[in-house]
Every structure is written in C-alpha cells, then in structure tokens.
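Student: I would like to go through this model with you and ask, for each label, what value stands behind it.
Tutor: Then let us look at it together and set each value against its definition.

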Amino acid sequence: MANLEITSTLLSNQNVSVPMFGLGVWKSRPKECFEAVKSALSLGYRHIDTAAIYGNESEVGAAIKESGVKRSEIFLVTKLWNADQGYDSALRAIDVSLNKLDTDYVDMYLIHFPVTGKRNESWKALEKIKSDGKTKSIGVSNFMVSHLEELLKETGTIPAMNQVEYHPFLQDTELKEYCLKKGIILEAYSPLAHGQKLEDSRITELANRYQKSNAQILIRWSLQAGHVVIPKSKNPARIKENADVFDFVLSDQDMKEISSWNENFRTCWDPTTVE
C-alpha cells in the first residue's frame, strides 16, 4: 500500500470505513488528552482511540466538541474493560462510555482483552449494542488466533478489527494471516514499541536515507504493511511529526528488510498466556 493519505481508509467486513491513521490516548492524563485530541484533529487526524480504563473518555468527548470537526467525520473508538465483561454488565458499560464521550454512538466498540469465561458473553452483548445503534461496528483487542477461533465458533459475528501490539520487532504473522483470511482488520497499537527500539541503528540508517525521523520510518512501515496505526502522543510537535508520513514511500526492498526484524519483543501485556 504505497499511495496513502492521512484520510486513507480500510473497509471493514461490517461495511464501515476505518481511517488507517489515528491517535491513541493511553496513559494521557485528562488535560493532556484534551489538548492532544484537539491538536490531532486540527492536523487532519480523524481516528481517535480511547478506552474506559484510560480514564479520559470525557476529555476525548469534550475535545471533539470543541474541535469544530463534525462528529460524523470522526472515527471514535472505545473499549469494554475487563471488570465490565459479561452480557448485562457490558450493556451497562457502553452507556457509561457514551455518557462520558457525550455522543450517541461510537464508530467501533472493542472487547479490550480476552477474559476467560466472559469474552463470548461480552461479544454477544456487543452484537446487541451494535443492533441498538450504539456502535457502528464491533471488534476485539489483544485476541490471539485461539481466541478468535473460539469466538467464531461460539458467536455469529466476525470482528471488524483486532487491535494488537504490532511493530517490526513483534510480528505475529500467523495472527496477521488469520485476520486477513477472515477479513478482520489488524490494528497496530504501540507501533513504536514504546520507544524501546527507536534508536536501533537499522532504523537510523533508513531514517537518514529517507530524511525522516526513526518514528516516521516505523509508522510508515505499518501503514504500507496494511495495518491501521494509532501512535500515542501527548506532545503537539510529536503528534504533528507522527502524521508527516504521507510524502514518502518505503521501497519494496526496505519493506522486506524491516519485515525481517521480528524478535517476538513484546512491550505490553501478553495475551498469548490467556486460555
């Protein structure tokens, strides 16, 4: 995928267009989150990803209201937290999130983590939430192949998206191929590996050649690989830098090179240990 713009989208299996580039707000404190979302929207971002557990849904909603960007132009995502999983509790949780976000609907509602014994009932609740019009689409986060296979066996709707940690140093190609086969969009969170590999000399060499930052190389790789990407930042200058990745194209050779860097290097929680 070479000809990309900040407005580029992928069409989900639930017939919803998902902007490939967005802003994540994990660990952004309320005031920081408010300013970050406003800054991102002013720069052309149209995909904002939050979650109940982040504690900043109210600030995301307020920033959207104040941005002047029409709600219909923004792809808004939030997530069902572990403590709220289960059928009835999930139905209550979406109402709490919508109230905090000050909106009638979200564009994507995700199960945040594959909680054993509850994830399938939670998914049935998400199907109900979608049919009630409180979300346009439903998906999952941190689901491995085994979790997806179980979900598809036990329930009726294929997730529109699976949000997982994915970057050149953590490439679960089995999971990616499974998602492609089932028409599930793969969304890469922590595309910069929390900065822990940002100074890798191989990235620096590419950054110098393309006259881009190391972070921009990693973001561009994810986009060209066909992922939805949501780099997190609370710094306006960094938010701008992260979006400045649409004026260059990584060569096929460099894409192949970066794709060979997998180390199974995980920086967040490990869903592979969940039954």
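Student: Which residues of helix 3 and helix 4 meet?
Tutor: Tyr87, Ala90, Leu91 and Ile94 in helix 3 meet Glu121, Lys124, Ala125, Lys128 and Ile129 in helix 4, where contact means heavy atoms within 4.5 Å, and helices (H or I, at least four residues) and strands (E, at least two) are DSSP runs numbered from the N terminus. By class, this contact has six nonpolar, no polar and three charged residues, with Ala, Val, Leu, Ile, Met, Phe, Trp, Tyr, Cys and Pro counted as nonpolar, Asp, Glu, Lys and Arg as charged, and the others, Gly among them, as polar. The model is predicted, so local features need pLDDT of at least 70 and side-chain atom pairs count only at pLDDT 80 or more, while totals for chains, interfaces and linings use all residues. Residues are numbered from 1 along each chain as its sequence is written, and side-chain values use heavy atoms, with hydrogens and water left out.

Student: Why are helix 3 and helix 4 called oblique to each other?
Tutor: Helix 3 (residues 87-101) and helix 4 (residues 119-131) pack at an angle of about 45°, with their axes 8 Å apart; axes are lines fitted to C-alpha atoms, for helices over the stretch in contact, and angles run from 0 to 180 degrees between N-to-C directions. Angles under 35 degrees count as roughly parallel, over 145 as roughly antiparallel, 65 to 115 as roughly perpendicular and the rest as oblique, and helix 3 and helix 4 are therefore oblique.

Student: What makes Ser28 count as buried?
Tutor: Ser28 has a relative accessible area of 2%, and buried means under 20%, exposed over 50%, partly exposed in between (1.4 Å probe, protein chains only), so Ser28 is buried. Ser28 is placed in the loop between strand 3 (23-24) and helix 1 (30-42), and, not counting residues up to four places away in sequence, touches Cys33, Asn56 and Lys234.
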